[in-house]
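Student: Please take a close look at one part of this structure. I would like the contact between two chains.

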Amino acid sequence: DTGVSQNPRHKITKRGQNVTFRCDPISEHNRLYWYRQTLGQGPEFLTYFQNEAQLEKSRLLSDRFSAERPKGSFSTLEIQRTEQGDSAMYLCASSLADAAQFFGPGTRLTVL
Amino acid sequence: GDSVTQMEGPVTLSEEAFLTINCTYTATGYPSLFWYVQYPGEGLQLLLKATKADDKGSNKGFEATYRKETTSFHLEKGSVQVSDSAVYFCALSDQGFQKLVFGTGTRLLVSP
């Protein structure tokens, strides 16, 4: 399978805990994006990387959120001190520069 | 800022009916336009795209034409199938493809 993969697919956590999600992009893609999707809404942009550089962050990405792409390959998204409002589907996408984005299956986070 | 407006769903059709899902956008500059589809239990898949005015994107019998004068990118299909039942998202990106801005999605239900 050469598509975008995300792990875990589902995560249930208690409020106040930290969680980390992983995204493995399509191997030759140099751009990697994170989005968040809540029920009944379209995905909302969070941040994106070109190779290992994080080039843009949305205002939605509060100080509790951090993303890394240390070697320009996989990426992690960490949420510290989770809140119930963080419950959502977290989507990762990758692309070649100036090309369409391909999405992974997402990680569904439930904060109790 | 940039935004995308889609018709609200659900859209309920019988098999072989004609489909139109309306999409209009607001953007500075000359965005690229996309339709993504999300089948039940699956991730977002790129359906079609258009990168400049008057371009027509097409795939799997679906078509959409980039209309700059009406800022629209309506999705059409001449004869829908039960297997087309899904949520359809219209989206735009800036010229650098740096992020996608999505509409809220339109659910299509096709009955036999």
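Tutor: Here is the interface between chain B and chain A. This is a predicted model: local features need pLDDT of at least 70, side-chain atom pairs count only at pLDDT 80 or more, and totals for chains, interfaces and linings use all residues. Residues are numbered from 1 along each chain as its sequence is written, chains are lettered from A in the order in which they are written, and side-chain values use heavy atoms, with hydrogens and water left out.

Start with the extent. On chain B, 18 residues are in contact with 20 residues of chain A (contact means heavy atoms within 4.5 Å). The two chains bury about 1,500 Å² between them, 54% of it on carbon and sulfur atoms. Buried area is the accessible area (1.4 Å probe) that two parts lose on being put together, summed over both.

Now the polar side. Three residue pairs are in polar contact between chain B and chain A, both residues at pLDDT 80 or more. A polar contact is a pair of N or O atoms within 3.5 Å; within protein, one must be able to donate a hydrogen and the other to accept it, and residues adjacent in sequence count only if both atoms are side-chain atoms. The count of salt bridges between the chains is one (a side-chain nitrogen of Lys or Arg within 4 Å of a carboxyl oxygen of Asp or Glu). Lys99(B) and Glu56(A) meet in a salt bridge, at 3.2 Å from N to O.

Strands S5 (32-38), S6 (44-50) and S11 (100-102) of chain B each give two or more residues to the side that touches chain A. Strands are DSSP runs (E, at least two residues), numbered from the N terminus.

Notes:
Helix = DSSP H or I, 4+ residues; strand = E, 2+ residues; numbered from the N terminus.
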